[in-house]
Structure formats: structure tokens, C-alpha cells
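These are my notebook entries on a two-chain model, kept in the order in which I looked things up. I began with the conventions and confidence, and then went from loops and helices to the contact between the chains.

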Amino acid sequence: MKCEDALKELIAYLDGRVNAAGRAKVESHLAGCAACRNRAEEMRKVSMLLGEVPAVEPSFGFDARVRQRVAAEPRQSWFWRLVPAPRPAFAVALLIALTVLVAKLPSNRAPAPPVATTSAQEQEEDFNAIKNLGVLENYDVLTKFDSLAETATPDSTQPEGKAQRGDESND
Amino acid sequence: MARTDVELMLDVKAGDDSSFDFLLQKYRSPLVNFLHRMVRDTATAEDLAQEVFLRVYRARKQYTPSAKFTTWLFRIATNLALNSVRDNRYAKLAVPLDAPVDEDAAPMELPAPVMRIDEHMIERDRTEFIRRAIASLPEKQRAAVLLHKYEEMDYGEIAKILDCSESALKSLLFRAYESLRVQLAPLVTQPVEQRAGEGRPS
């Protein structure tokens, strides 16, 4: 082992923090190198000198001042206590959930949902109505086509219809 | 069974302020000592220690036990101390540009880099001499020595606190102890027998 390598391990060696193999290497070098041995002894003394410096104690009011500053910290409201940490991750998750929810809600512009299954009779009536739609929407036909009156069933509204048509024909 | 620091901190996170008080009682002295040796001023050291505890408290909700509690605690303390030392150094060196110029005034004196040991020993006692030797180290070397010697932390933990590799830390510590050996040479070269029973080898 070279002096440079031995010196690099010297502090750890003096601390007893090198493994058995490393310790044997350093000791082997120190046994054959008076300069490094002398350096190691001086380092040991430096460590002892540092141990002479007495510790200082915190002042009497130290704890009270820390507690006072901690007590002055803004407390969280009950709402924020319910919000789990980490808050940014929770906020992103909440945003994604809301986005998905809104996307799934039915829009006003969306087409009406298809009508449920209808009976065969209803489908037949609808078909007839659609088939004659052109005729029924033609006002001239409605006002002048007398045969429509014959097909109509006699009810309370018929006389008025007839009267109306009569008025119009007079015009 | 005593709770570990991590368990106490998790309790603080859950809203138990009495656990924070346990941590305060446990680490108030080590922190104040460490900071006092870093900044060499009692009032500043206590202010910084308060700030460390306050930052721990403020960060309680985000606390995750990914490292030893002491690593986190002393990392905060070291960063605050390094900032304080640097700010203070620049503040002392700053001379206002609009300060009145006194032609007859003596030039600003900077402390002599080397003082004779007898001057030191007359002016201050042995302990103060050692304190000054520690204080003369560059900040990062000083932090490394304090964490190593006084907090008795292992190399891995100190390396994490100082944000360097263990190999770099070994070099840093060797340079620091080498500087101290030179600075404390008058005491180091005293016969061992005179100081027998003092201090303790680490």
C-alpha cells in the first residue's frame, strides 16, 4: 500500500471503520513507514483535542420559542385535512375523474335516444301516417277534397269542418 | 418500547404534536451545538435551530421515511448553516459605495492569516484556540468534521447530508483533519503524557 492510499484510509482506520482486510493493509503500511506512523499519531491527537471542546446548551427559552413559532403556523381547515396528500396528485386525479364524468353526461345537442320497441299495430299506424303525409300536408287537398269528409267519422268536430269548407268555397 | 424517530415523525404527520415535542427534546442540543460550531454565534445558532424545527414541522405532511430522520434533519441544518455563513461573510466584506471617504482613516485591516501561537494562547485559552481552528476550516470541511466527530455519524450518512460520494467525503475529511493538524500543531506536538486522560480517541 502506498502512503497516499494509507493516508486516505487513515481517518477511517483511526475510527475503527475499516474492515479487517483494510485494517491489516493500513497496519502493515504503518509498521514500515515512520512518516505515516507519525502522521497517524498526530491525527489521533487532533481527534482528542477536538473532544476537549465542551458542548453548549440551548438557552432557557429555546423550547418555548420553537413551540410559539409552531403554534403560530397556520392550521389547516377541516376541509383540507380531509384531502389526502400528496395534494397535486389528488388534484390531478380529481380533474381526470370530473372530465370522465362530464364526458359521459348526455349532451343537449345529442340525438334523442331511440324509442323503445313498439307494437306491430303502432308501427302499422305510423306507416300509414307517413305514407299519406304528402297528402295530409297539402292544404288545397285538405280544403277541397270532399271525399275526405266521407271518410271522416261523424263526431262533434265534423259540422264545424264542413261549415269551414263551405265558407272557404264561398270565397 | 420507545418509538423510533421515523415513527415519531409519522405521528407528527398524522397530527400528533406531542411527538414533535419528543423530537424537539431529543435533537435540540445536538442541533444547537452543531449550528453553534458552524456559525460561532449563540444567538444565530439558536435562530437557525428554531428554523430547522419549523421547517421540519412545515414539511410534516410531505414527510416520507425514505432516509434516516437525522440525515434529513442535519441536511436542513447544514444547508441553513452554510447559507448563513456565506451571507455573513459577504455582509462583513461589503463596504457601502456611498460611504464617506476619509482620507486620513487607516486602511481596513483584514485578519492576519497566521498568528503566532503565543499571541493566541495569551489572548484566548486552549479551548478557544481549538474552536478557532475548527472555525477556520472551509464550511464544507467544517460540517464534515462536526458531523463525524461530534454527531458520530457514519460516512454514508454524512455523504448524503453533504451531497457527495463516500470517497469524496473521505478526501474531504482527510483534508480537514490535515488542516487541523497544522493549525493545532503547538498542541499536537505536546508530549502525550501531559494531556493524558483528556478527550477521547474516536
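Entry 1, a loop residue. I looked up B:Arg40 and found that its place is in the loop between helix 2 and helix 3 (42-58) of chain B, where helices are DSSP runs of H or I of at least four residues, strands are runs of E of at least two, and both are numbered from the N terminus. Phi of B:Arg40 is near 60°, a positive value in a residue other than glycine. I noted beside this that most residues other than glycine have a negative phi.

I am working with a predicted model, in which local features need pLDDT of at least 70 and side-chain atom pairs count only at pLDDT 80 or more, while totals for chains, interfaces and linings use all residues. Residues are numbered from 1 along each chain as its sequence is written, and chains are lettered from A and ligands numbered from 1 in the order in which they are written.

I recorded ipTM 0.74 and pTM 0.64 for the model. The mean pLDDT (the predictor's confidence in each residue, from 0 to 100) of chain B is 82, and 75% of the residues of chain B reach 70 or more. Over residues 105-111 of chain B pLDDT stays under 50, and the model has zero contacts beyond four places in sequence for them, a contact being two residues whose C-beta atoms, placed from the backbone, lie within 7 Å. Over residues 192-202 of chain B pLDDT also stays under 50, but here the model has 16 contacts beyond four places in sequence.

B:Glu152 is exposed, with 9 other C-beta atoms within 10 Å. Helix 7 and helix 8 of chain B pack at an angle of about 145°, with their axes 10 Å apart; the axes are lines fitted to C-alpha atoms over the stretch in contact, and angles run from 0 to 180 degrees between N-to-C directions. The contact includes B:Lys140, B:Ala143 and B:Leu147 of helix 7 of chain B and B:Ile158 and B:Leu162 of helix 8 of chain B.

Chain A has 12 helices and zero strands, and buried residues make up 11% of the 171 residues in chain A. How many residues does each chain give to the contact? The contact takes 35 residues from chain A and 35 residues from chain B. On the side of chain A that touches chain B, helix 4 of chain A gives the most, with nine residues.

Methods. Buried ≥ 20, exposed ≤ 12 C-beta atoms within 10 Å, placed from the backbone.
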